[in-house]
Amino acid sequence: MSGSGVLLINLGTPDAPTAAAIRRFLRQFLSDRRVVQLPRVLWLPILYGFILPFRPGRLAQAYQKIWRVDGSPLLAIAHKQAAALRTQLKIPVALGMCYGTPSIADALAQLRAQNVEHIVALPLYPQYSDTTTAAALDCLPKNQTVSVIRDYHAEAGYIAALAESVREHWQSQGRGDHLLMSFHGIPQSYVDQGDPYETQCRETAGLLARALSLKESEWSLGFQSRLGRAPWLKPYTDVLLPELAARGIRKLDVICPGFSADCLETLEEVSIRYAEDFGAAGGTLRYIAALNERPAHIAALAATVTRTLAG
């Protein structure tokens, strides 16, 4: 693996839990044509006229609930993931974010400074989507040898790490009545145009259910975090919650297998807001943390990188 290094990529995060920092982040994120695939003449007036003036203030309150002493949870965890992967692989590993800091350009400069000639790009999105993985790959250099790990949604080590995290949760908290697997949603139109994301999410969910020996009635799949009025992937997680409560489920375990690290969508949306909603319906929602820097997760990522280098 001489001369090789890993470019670890995630979506990114605001630099601070303030409206100004969130506005800067959203401007970059929501201007990406991969993320919002509407014609610019339709989208930019919405972005600059409605979203950027008003949404950052609301999001600031949400970010303030989850912000840590060491900063953004996503970024703090990503640095730990990079350090653990570096230790395991014993080659350079640099962290870059699609939006915000540290940038992918900065990470590539770090790898060049360490005389890395062959880069393995590892976007930390288990399931491929044009809105995430492709957006990350757009930033890769065209004049350097780069091997790309497009997804790892069905990798045995990844599924085993997910199953291990669920079993540990059950061992410490007791087993819930039902397991809900909640993935980030994308517009239905993107899937209709060929994005494989939904298929890969459903495959991950099925493999995890099989690894846990769950019956069909013991688990569900949902999609969260939709934005706007256009149809997104269904079923919607927030619609599923009262339906599950109506079925008599009082203790609901929720895992988010599409998130490699905890972030706003898991810590605030699921662990706080969805837990409050399910509590109002008469139940208790217990969030199972993302894989983050769990040893089994790092080992699975390292195995995928090693196979890519060998191939």
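In this predicted model, Asn115 sits in the loop between α4 and β3 (118–123). The phi angle of Asn115 is near 60°, a positive value in a residue other than glycine. Asn115 is exposed, because its relative accessible area is 62%, and the cut-off for exposure is over 50%. Lys90 also has a phi near 60°, again positive in a residue other than glycine. Lys90 belongs to the loop between α3 (73–89) and β2. With a relative accessibility of 69%, Lys90 counts as exposed. Most residues other than glycine have a negative phi, and most peptide bonds are trans.

Cis peptide bonds were also examined. The bond from Thr101 to Pro102 is cis, with omega near -5°. Pro102 is placed in the loop between β2 (93–99) and α4 (104–113). The bond from Lys234 to Pro235 is cis as well, with omega near 5°. Pro235 lies in the loop between β6 and α9 (237–246).

The largest nonpolar core contains 46 residues. Leu85 and Leu122 have the most contacts inside this core. Helix α6 (residues 156–173) supplies the largest share of the core, 7 residues.

The structure holds 1 cavity of 30 Å³ or more. The volume of the largest cavity is about 60 Å³. Its lining is made up of 14 residues. Leu162, Cys256, Pro257, Phe259 and Leu291 lie nearest the cavity centre. Helix α6 gives the most to this lining, with 3 residues. By type, the lining divides into 11 nonpolar residues, 3 polar and no charged.

Cysteines were checked for disulfides. A disulfide is a covalent bond between the sulfur atoms of two cysteines. The count of disulfides comes to 0. Cys256, one of the residues nearest the centre of the largest cavity, is buried because its relative accessibility is 3%. The closest cysteine sulfur to that of Cys256 is in Cys263, 8.2 Å away, so the two are too far apart for a bond. For Cys139, the closest cysteine sulfur is in Cys98, at 5.5 Å, which is also too far for a bond. A disulfide requires sulfur atoms within 2.5 Å. Cys139 counts as partly exposed, because its relative accessibility is 38%.

Two further positions complete the description. Thr132 is located in helix α5 (residues 130–137). Thr132 counts as buried because its relative accessibility is 17%, and burial means under 20%. Leaving aside residues up to four places away in sequence, Thr132 touches Tyr125 and Gln127. Lys215 is placed in the loop between α8 (197–211) and β6 (219–224). Lys215 is exposed, because its relative accessible area is 57%. Lys215 and Ile119 are 96 residues apart in sequence. In space, their C-alpha atoms are 42 Å apart.

Notes: Residues are numbered from 1 along each chain as its sequence is written. This is a predicted model: local features need pLDDT of at least 70, side-chain atom pairs count only at pLDDT 80 or more; totals for chains, interfaces and linings use all residues. Side-chain values use heavy atoms; hydrogens and water are left out. A nonpolar core is a set of buried Ala, Val, Leu, Ile, Met, Phe, Trp, Tyr and Cys residues joined through side-chain atoms within 4.5 Å. Buried means under 20% relative accessible area, exposed over 50%, partly exposed in between (1.4 Å probe, protein chains only). Helices (H or I, at least four residues) and strands (E, at least two) are DSSP runs, numbered from the N terminus. On a 1 Å grid over the protein atoms alone, a cavity is a set of points where a 1.4 Å probe fits but cannot get out, and a pocket is an open set with protein on both sides within 12 Å along at least five of seven lines; lining residues have an atom within 4 Å of a point. Grid points are joined across faces, edges and corners, and a volume is the space filled by probe spheres set on the points. Ala, Val, Leu, Ile, Met, Phe, Trp, Tyr, Cys and Pro count as nonpolar, Asp, Glu, Lys and Arg as charged, and the others, Gly among them, as polar. Contact means heavy atoms within 4.5 Å.
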